[in-house]
Amino acid sequence: MCRFSRRILFLTLIIGVIISFFTFSVVDVQLYKLSLLSYVSEAEFMATYTFPDDFNNATGVDHFIVPNIIHFVRFRNFQLGFVDYVVLKAAMRNHRPDKFYYHTDIKDAKCEGKYWEWVKNDQELWSRIEIKYIELPTEIFGQKLSDGWGLFHGSDIARLRILQKYGGIYLDNDCYVIQSLDKYRKFECVVNWDENQFLGNQVIIANKNARILPLWLDTYKEYHSDKWYYNGGERPTVEILHRHPELIHRVKGNFGADTGVSVSVYMNPQMDWRRLDIVHLLMGHRSYLDPNYKTTPVFDENNIRTYPYPFGEMAREVLDLPHP
Ligand SMILES: *[C@@H]1O[C@H](CO)[C@@H](O)[C@H](O)[C@H]1NC(C)=O
């Protein structure tokens with residue numbers, strides 16, 4: 001009896017080992033396949049898509065040619081603030097990208113601090129976040145970037161290079177997404193260019209082979225280090241778009257690039273913000289644009305509960321906070 005049960009035990013053990021071996025190898029293979037799959041789909045997006053001279057910038061194509069990746073650039077500062085968190089939540093809820101790429105020049109950047117912790121506790125967000133190291137550009141075509149504007153100019157350049165590398169949706173850190181941007185993922189390149197204005201570079205949606213990207217970078221051969229928006233917006237508008245408007249799908253107004261629109265979120269309770277795709281919050285410019293700045297110089301999860309202007313409603317909505 002004793003010998004018999006020992007034999008059973010032994011047999012069970014062997015069978016167990018065999019079964020677990022099979023299970024693990026199957027799981028392994030599946031995992032491998034899965035990673036291969038996601039690799040393939042990414043590679044597919046990376047695949048060369050050449051744009052003919054007569055590519056239709058008004059209708060685009062009938063399938064997605066821009067990968068569903070949202071790119072943020074964070075030079076020198078990888079801390080996540082309250083508004084950064086709101087922006088991330090809005091992009092997730094209202095657009096639903098496959099990935100968020102945070103490009104930073106901070107080596108071994110760590111997701112630490114209160115709001116990164118909030119992100120880590122949010123599976124939907126955290127599973128999508130990837131951190132990519134990128135050097136802060138310090139010169140372009142042998143010209144040293146401005147001391148004062150260096151961070152901004154570096155970011156202007158980096159966003160173009162990032163789009164050339166991956167394609168996707170570049171957003172400034174203070175762009176609040178209101179509607180799905182999928183309708184724009186069928187074009188070579190989409191930019192907000194308001195009537196009689198320079199283009200806005202706070203939102204750029206592009207395939208990696210968009211023809212305007214290398215041309216835009218080329219305009220830096222004439223770099224004006226003393227002007228904030230010369231190479232960011234003025235020169236590409238005048239040198240490229242005035243001659244070749246067909247290189248972009250032109251968006252007027254809907255990316256909320258206009259300063260008057262941005263300011264409304266801090267002062268006009270009647271603002272109809274929901275009709276826009278994106279609002280550029282111009283957070284860093286509130287001190288002189290927002291007449292009520294002194295009452296709420298810094299937003300957080302407490303004061304946002306009763307903040308009476310549209311930005312309060314926008315933030316509360318994505319944070320699931322009640323209407324006061
Ligand atoms: C498409 O390009 C033409 C120039 O060929 C331009 O006039 C037009 O505004 C563009 N349309 C859109 C929607 O961007």
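**A walk through the predicted model**

Tyr230 belongs to helix α7, which covers residues 230–241. The structure discussed here is a predicted model. Is Tyr230 buried or exposed? Tyr230 has 21 other C-beta atoms within 10 Å, and because a residue counts as buried when 20 or more such atoms lie within that distance, Tyr230 is classed as buried. When neighbours within four places in sequence are left aside, Tyr230 is in contact with His224 and Arg235.

Trp149 is located in the loop that runs between strand β5 (143–144) and helix α5 (150–166). Trp149 is counted as buried because 20 C-beta neighbours lie inside 10 Å. Not counting residues up to four places away in sequence, Trp149 touches Ser225 and Trp228. The separation of Trp149 and Trp228 is 79 residues in sequence, whereas their C-alpha atoms are 6.4 Å apart in space.

Helix α2 (residues 82–94) and helix α10 (residues 310–319) have axes that come within 9 Å and cross at roughly 65°. This crossing of α2 and α10 is left-handed. Which residues meet there? On the side of α2 they are Val86, Lys89, Ala90 and Arg93, and on the side of α10 they are Ala315, Val318 and Leu319. Sorted by class, the contact of α2 with α10 comprises five nonpolar and two charged residues, with no polar ones.

Attention now turns to the ligand. The residues surrounding the ligand are Asn57, Ala58, Pro245, Glu246, His249 and Arg250. By class, this shell is made up of two nonpolar, two polar and two charged residues.

These local descriptions may be set against the chain as a whole. The chain contains ten helices and eleven strands. Of its 324 residues, 35% are buried, and Tyr230 and Trp149 are among the buried residues. The contact between Trp149 and Trp228, whose positions are 79 residues apart, is one example of a contact between separated parts of the sequence.

Terms used: Residues numbered from 1 in each chain as written. Predicted model: local features only at pLDDT ≥ 70, side-chain atom pairs only at ≥ 80, totals over all residues. Helix = DSSP H or I, 4+ residues; strand = E, 2+ residues; numbered from the N terminus. Buried ≥ 20, exposed ≤ 12 C-beta atoms within 10 Å, placed from the backbone. Contact = placed C-beta atoms within 7 Å. Near = placed C-beta within 6 Å. Nonpolar A, V, L, I, M, F, W, Y, C, P; charged D, E, K, R; others polar. Axes fitted to C-alpha atoms, helices over the stretch in contact; angles between N-to-C directions. Left-handed = near helix turned anticlockwise from the far one by under 90°.
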